[in-house]
2 protein chains.
Amino acid sequence: MASQTPSPQRQLHLNAFLMSTGHHEASWRLPESDPHAGSRVEHYQQLARTAERGKLDSIFFADSPVLFGEVGRRPAGKLEPTVLLTAIAGATKRIGLIATASTTYNEPFNLARRFASVDWVSGGRAGWNVVTTAGPDAARNFGVDDQPAHAVRYERAAEFIEVARKLWDSWQDDAILADKADGVWGDAEKIRTIDHEGRHFRVRGPLNVPRSPQGHPLIVQAGSSENGKELAARYADAVFTAHQTLADAQEFYRDLKARTAAAGRNPESIKILPGIVPVIGATEKQALELERELDRLIKPEYARIQLAKTLRVNPEDLPLDRQLPADLPSEDEIEGAKSRYTLIVQLARREQLTVRQLIGRLGGGRGHRTFTGTPVQVADAIQEWFDGGAADGFNIMPPVLPSGLDAFVDRVVPILQERGLFRTDYTGRTLRDHYGLARPGNQYADAGAAQLASIGAAF
Amino acid sequence: MASQTPSPQRQLHLNAFLMSTGHHEASWRLPESDPHAGSRVEHYQQLARTAERGKLDSIFFADSPVLFGEVGRRPAGKLEPTVLLTAIAGATKRIGLIATASTTYNEPFNLARRFASVDWVSGGRAGWNVVTTAGPDAARNFGVDDQPAHAVRYERAAEFIEVARKLWDSWQDDAILADKADGVWGDAEKIRTIDHEGRHFRVRGPLNVPRSPQGHPLIVQAGSSENGKELAARYADAVFTAHQTLADAQEFYRDLKARTAAAGRNPESIKILPGIVPVIGATEKQALELERELDRLIKPEYARIQLAKTLRVNPEDLPLDRQLPADLPSEDEIEGAKSRYTLIVQLARREQLTVRQLIGRLGGGRGHRTFTGTPVQVADAIQEWFDGGAADGFNIMPPVLPSGLDAFVDRVVPILQERGLFRTDYTGRTLRDHYGLARPGNQYADAGAAQLASIGAAF
């Protein structure tokens with residue numbers, strides 16, 4: 001019998017979710033933290049280089065077109081993510097770059113073009129986290145009194161992605177002839193209008209950017225409501241999600257892979273990455289001390305106001321040392337961030353947390369799983385979910401930046417590499433390469449009747 | 001009598017208007033040119049470094065959210081300018097970065113935020129060329145069958161700028177307290193909603209980006225219609241304009257400075273930069289040879305179709321070796337790019353050009369002034385207009401890139417420097433510094449009743 005090559009071990013995918021001084025809301029108060037970090041491109045360039053040193057798949061920025069959070073309480077405001085990621089692209093070579101952008105408050109032509117441009121500038125490292133943007137405050141920055149209904153926002157999001165894909169495909173890969181001798185630059189047969197007419201958008205096209213290195217930038221989705229999961233099953237290449245328990249994460253994983261198959265896609269073509277806030281110490285004791293120090297720095301009175309908004313109750317209905325009231329609204333009554341709402345309520349009920357304790361847990365990870373321990377314990381926690389059918393990888397949310405990312409990259413990643421679970425170097429150049437995802441074909445490539453694009457002309 | 005310090009000589013401002021392989025439409029056919037340059041960030045980074053070597057004030061990209069021009073004829077499509085300029089910011093240190101963006105097909109919150117972000121990332125080097133975007137083809141990428149009327153577009157543009165300025169001022173410069181000990185990050189009294197309610201926009205604010213290094217990114221305007229001039233007089237820090245003759249440029253200069261004064265502003269606070277396409281040779285003969293070589297590479301049949309669109313006639317009404325027909329529409333009947341239309345018609349009539357000759361002139365500079373000669377002759381041409389009350393500086397439009405910019409920087413700039421007309425090094429760090437313009441005050445800085453910003457909260 002011939003010797004067999006062992007089948008290659010399934011590999012983790014790791015994304016670093018970056019946020020000014022870290023995910024813990026009091027992180028900015030630590031001596032090491034720069035309270036102006038959110039506006040400083042050098043801060044983020046340094047973090048991205050650290051993530052690249054750890055061979056992570058990507059970095060990621062959340063976003064909403066509104067000033068978010070209490071400015072008195074924690075750093076607010078941030079640079080627009082496509083701008084920030086472009087600035088980071090020049091300071092890095094391989095790490096993937098995922099920016100959040102809203103389908104409710106953008107036009108598909110503008111956004112498809114911007115992501116194609118970031119993909120060009122970064123050599124194929126762009127990803128787009130598609131969000132529908134909950135809440136009336138964002139709406140009021142766009143001449144609307146309140147957000148569109150949840151279902152309408154998701155319907156628009158699906159059509160928005162369809163339009164973006166058509167625009168990304170409106171140039172074939174070989175559309176540029178560059179025939180200097182005959183003076184023919186582009187092949188007008190291979191650059192076509194898309195003539196999209198849908199419920200939410202009418203877009204003629206073509207895009208004014210040639211098809212980008214990845215064909216389509218990576219599509220990421222992070223909403224876990226029913227509508228969110230359906231959108232992910234149809235379109236997402238990667239999903240960021242939040243679970244507190246292995247059982248919940250397994251159930252979500254099974255459900256989303258099944259939905260993806262039902263949508264006619266290979267379940268391996270969607271990568272599921274739960275969030276984890278790793279509070280890392282050389283010893284368990286040191287890790288717990290860091291966690292306690294951070295929680296001690298939270299101001300509970302401010303945090304209670306935020307929690308009350310999320311739960312749609314009055315702050316005075318939430319005494320700090322009592323558990324949540326019994327009569328909270330059901331998820332159906334919530335018009336935005338549905339799954340986050342349910343997660344918070346379930347966490348509080350399951351662990352019988354007082355409001356003060358709940359505030360500590362949320363201040364650390366905003367509903368994501370906080371895991372406090374040594375590097376080996378963090379690696380074990382990651383491996384348990386990865387081997388247990390709960391994750392294709394993780395969305396790493398350091399509680400403090402830069403030190404929390406340094407600790408993860410320098411102390412946890414080597415353990416995962418030793419166990420054969422994570423790459424020791426990049427093998428590809430694009431974000432799709434890192435996630436093991438193919439470059440998409442062009443939906444118009446074999447269309448018989450490509451249309452002549454003789455568009456918008458003036459001297 | 002005490003010795004007097006000579007009053008410092010008035011200084012030129014020079015902007016490099018960059019465009020893939022150059023402004024001459026046949027430039028891509030030259031052996032030196034990279035026909036894929038338009039998608040290659042390295043190409044533009046190199047050009048920006050050249051402009052910075054020449055101590056130019058800024059570089060600039062035109063833009064429209066539509067595929068522009070015949071793809072068969074010349075390079076089409078381009079990277080989105082705020083993305084491209086951000087990528088250039090990291091490869092340069094001092095040069096200003098001006099991106100065009102449309103007020104008709106963007107939302108003020110998104111665009112104000114993006115320019116503030118570019119200003120942060122570049123350390124105060126961002127500028128925004130405000131355009132209203134003519135033409136039905138762009139409209140059809142945004143669910144609209146035709147462009148809004150000229151006057152409506154300009155009314156929207158003015159309100160758009162007002163909203164952007166309010167958003168840029170919604171954070172006071174000292175809004176971030178960063179008081180770690182007391183756990184107070186921002187001063188809620190110094191971050192306020194703008195509550196704008198106008199004919200075109202309702203925007204609550206505040207912006208979710210702290211006030212940027214320049215306070216307001218530089219505002220540039222480039223339309224020379226009546227509405228365009230009025231908009232410039234009210235809001236522009238710099239104006240790009242197109243004139244074929246000294247007399248026309250003088251008249252425009254006088255008119256716009258007077259309008260600026262009438263709008264209650266110091267006329268020196270607006271810098272007027274006519275375009276010039278410098279075709280440079282070591283000798284006059286070499287310069288003329290380069291011009292002829294470029295014009296020879298234009299394909300007149302394609303160019304005639306473009307000209308016919310611009311003039312709103314059929315291509316067959318424009319025989320190549322005849323002058324323009326007598327019965328063209330008046331400017332009043334033109335809904336977009338009005339001043340460009342008039343300039344083309346006047347140029348053809350004044351110089352009694354055949355359609356073929358007109359196509360050669362337009363292929364070189366699209367209506368801008370082409371000047372062919374030695375470095376000294378180009379410097380003389382620049383000085384004549386500068387000293388003659390026609391310009392505060394120039395918008396340099398190299399016919400071929402990179403060689404045309406190299407020639408200007410290495411051979412013309414030193415002559416201007418020797419004559420004391422142009423800086424030999426940067427004296428400031430921001431784009432406003434280069435143009436000699438003050439950092440704007442904050443319109444809300446002294447408002448008694450700053451509003452508490454307790455905005456959009458969720459965990």
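Predicted model: local features only at pLDDT ≥ 70, side-chain atom pairs only at ≥ 80, totals over all residues.
View 1. Helices here are DSSP runs of H or I with at least four residues, strands are E runs of at least two, and both are numbered from the N terminus. Both A:Asp255 and A:Lys229 are buried, where buried is under 20% relative accessible area, exposed is over 50%, and partly exposed is in between (1.4 Å probe, protein chains only). The pair also belongs to a salt-bridge network that links A:Glu226, A:Lys229, A:Glu230, A:Asp255 and A:Arg259.

A word on conventions: residues count from 1 along each chain as its sequence is written, chains are lettered from A and ligands numbered from 1 in the order in which they are written, and side-chain values use heavy atoms, with hydrogens and water left out. As for confidence, local features need pLDDT of at least 70 and side-chain atom pairs count only at pLDDT 80 or more, while totals for chains, interfaces and linings use all residues.

View 2. B:Asp392 and B:Arg10 meet through their side chains in a salt bridge, 3.4 Å from N to O. B:Asp392 is in the loop between helix H12 (375-387) and E14 of chain B, and B:Arg10 is in the segment before strand E1 (13-17), so the pair ties together parts that are 382 residues apart in sequence. B:Asp392 counts as buried at 8% relative accessibility, whereas B:Arg10 is partly exposed at 38%.

**View 3. Salt bridges where chain B meets chain A.** Out of 64 salt bridges over all chains, 6 run between chain B and chain A. In one of them, the side chains of A:Arg204 and B:Asp137 come together at 2.8 Å, N to O. B:Asp145 and A:Arg202 do likewise at 3.0 Å. B:Asp145 lies in the loop between helix H4 (136-139) and helix H5 (150-168) of chain B and A:Arg202 in strand E9 of chain A, so this pair joins two chains. A:Arg202 is partly exposed, at 31% relative accessibility.

**View 4. The interface as a whole.** Turn chain B by 180° with a shift of 0.0 Å along the axis and it lands on chain A with an RMSD of 0.0 Å (least-squares superposition on C-alpha atoms of residues with pLDDT of at least 70 in both copies). The copies are thus related as by a two-fold rotation axis. The same surface serves both of them, as 100% of the contact residues of chain B recur in chain A. In all, 90 residues of chain B touch 90 of chain A, contact being heavy atoms within 4.5 Å. About 7800 Å² is buried between the chains, 58% of it from carbon and sulfur atoms; this is the accessible area (1.4 Å probe) that the two parts lose on being put together, summed over both.

**View 5. Helix H11 of chain A under cover.** Of the 11 residues in helix H11 (residues 355-365) of chain A, 8 are buried, among them A:Val355, A:Leu358, A:Ile359 and A:Leu362. The cover over the buried residues includes strand E12 (271-280), helix H8 (284-296), helix H9 (300-311), helix H10 (338-350) and strand E13 (369-373) of chain A. Just after H11, A:Arg366 takes a positive phi of about 50°. In helix H9 of chain A you'll find A:Leu307, which counts as buried at 0% relative accessibility. A:Leu307 is 37 residues from A:Ile344 in sequence and 9.5 Å from it in space, C-alpha to C-alpha.

View 6. The peptide bond from A:Gly205 to A:Pro206 is cis, with omega near -5°, and A:Pro206 is in the loop between strand E9 (202-203) and strand E10 (218-221) of chain A. Over in chain B, the bond from B:Leu401 to B:Pro402 is cis too, with omega near 10°. A:Ser20, which isn't a glycine, has a positive phi near 25°, and counts as buried at 10% relative accessibility.

Methods:
Salt bridge = Lys/Arg side-chain N within 4 Å of Asp/Glu carboxyl O.
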